[in-house]
Amino acid sequence: MPRVPTKLVTWEEIVDWSRGLANIIKKSGWRPDVIVAVARGGYVPARLLCDFLGVENLLSIQSQHWTEAAKAEERAILRFPYVVDMRDKRILIVDDIVDTGDTLITAEKFIRENWYPLDVKKAALQWISSVAKIKPDYYYIEVKEWVWFQYPWTRLEDVTSFIKRMISEEAKNGRIAWTFNDIVSSFREWYGIDVDKIYYEDALENLIEMGFLDRKDNLYIIKL
Ligand code: ADP
């Protein structure tokens with residue numbers, strides 16, 4: 001059993017899921033005039049929905065998680081809260097996944113209060129029904145048990161942080177030096193997924209650049 005439940009998602013699956021989501025939207029009889037991608041996770045699904053639904057108007061808003069100093073709790077805020085006039089437009093807000101739901105709640109509230117659209121609906125490729133505060137109007141896959149979906153557009157970022165976490169945890173057990181093959185086999189064990197070799201190589205370069213690892217001969221050594 002992997003220690004962190006993770007599922008690798010391929011580009012092919014993303015295209016299939018986006019097509020499936022577009023078909024659900026079409027069948028509902030509702031059509032958007034404008035698609036708003038929630039950056040950054042919503043970019044690729046939103047672009048594919050434009051293609052499958054024949055929508056030309058695509059814009060984006062960016063959400064960021066903000067940890068309030070006094071509380072452990074996180075909340076979503078918008079990074080660049082610009083205002084546009086959408087008085088005669090039907091808007092579809094698109095994200096990759098609804099996890100807590102905070103991102104879509106924040107995005108919808110901002111758009112309704114500031115852009116004055118005719119209508120707003122929310123869509124996501126995946127909806128984690130056991131944890132989300134909201135159900136999007138449209139989704140393709142209902143996820144019942146929380147897992148981390150390793151989407152193709154965050155592969156390097158995720159592999160970098162996954163390796164960092166694994167090496168930090170193992171350092172607590174006294175393990176400070178790793179070969180490349182050690183890292184790859186432990187990564188598979190920890191996360192239950194595998195990625196192309198180039199991602200491990202690039203992630204390790206990132207970790208060296210970040211000052212987290214040193215490379216000596218064939219070994220990667222955690223900087224303590
Ligand atoms: P939401 O507010 O939409 O529930 P979060 O705010 O928790 O989602 O997360 C924001 C972004 O983080 C998501 O749009 C997605 O890109 C990424 N994310 C969150 N949960 C997951 C997950 N379980 N698997 C992969 N990516 C995730």
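Tyr116 counts as partly exposed because its relative accessibility is 46%, where buried means under 20% relative accessible area, exposed over 50%, and partly exposed in between (1.4 Å probe, protein chains only). The model is predicted: local features need pLDDT of at least 70, side-chain atom pairs count only at pLDDT 80 or more, and totals for chains, interfaces and linings use all residues. Residues are numbered from 1 along each chain as its sequence is written, and side-chain values use heavy atoms, with hydrogens and water left out.

**Backbone geometry**

Tyr116 sits in the loop between helix 3 and strand 6 (119-128). Helices (H or I, at least four residues) and strands (E, at least two) are DSSP runs, numbered from the N terminus. Most residues other than glycine have a negative phi, and most peptide bonds are trans. Tyr116 is not a glycine, yet has a positive phi of about 50 degrees. Asp217, also not a glycine, has a positive phi of about 55 degrees. Asp217 belongs to the loop between strand 10 (213-216) and strand 11 (219-222), and it counts as exposed because its relative accessibility is 76%.

A cis peptide bond, with omega of about 0 degrees, links Ala39 to Arg40. Arg40 is part of the loop between strand 2 (34-39) and helix 2. Within helix 2 (residues 43-53), the residues Pro45, Ala46, Leu48, Leu49, Cys50 and Leu53 are buried.

**The ligand**

There are 17 residues around the ligand, and those that come nearest are His65, Asp99, Thr100, Gly101 and Thr103. A residue is near a molecule if one of its heavy atoms lies within 4 Å of it. Strand 5 (90-98), helix 3 (102-115) and strand 8 (148-150) each supply at least two residues of this shell. Strand 5 gives the most, with four residues.

| Residue | Polar atom in | Distance to a ligand oxygen atom |
|---|---|---|
| Asp95 | side chain | 3.1 Å |
| Asp99 | backbone | 2.6 Å |
| Thr103 | side chain | 2.6 Å |

Taken alone, the ligand exposes 530 Å², and the protein buries 85% of that. These areas come from the Shrake-Rupley method with a 1.4 Å probe.

**Lys7**

Lys7 is a residue of strand 1 (residues 6-8). It is partly exposed, with a relative accessible area of 48%. Leaving aside neighbours within four places in sequence, Lys7 is in contact (heavy atoms within 4.5 Å) with Val147, Trp148, Phe149, Gln150 and Ile193. From C-alpha to C-alpha, Lys7 and Lys121 are 28 Å apart in space, and they are 114 residues apart in sequence.

**The protein as a whole**

The secondary structure comes to six helices and 11 strands. The C-alpha trace spans about 65 × 40 × 30 Å along its principal axes. Of the 224 residues in the protein, 44% are buried. Among contacts between residues at least 6 apart in sequence, 64% join residues at least 24 apart. The protein exposes about 12,200 Å², of which carbon and sulfur atoms supply 49%.

Technical notes: A polar contact is a pair of N or O atoms within 3.5 Å; within protein, one must be able to donate a hydrogen and the other to accept it, and residues adjacent in sequence count only if both atoms are side-chain atoms.
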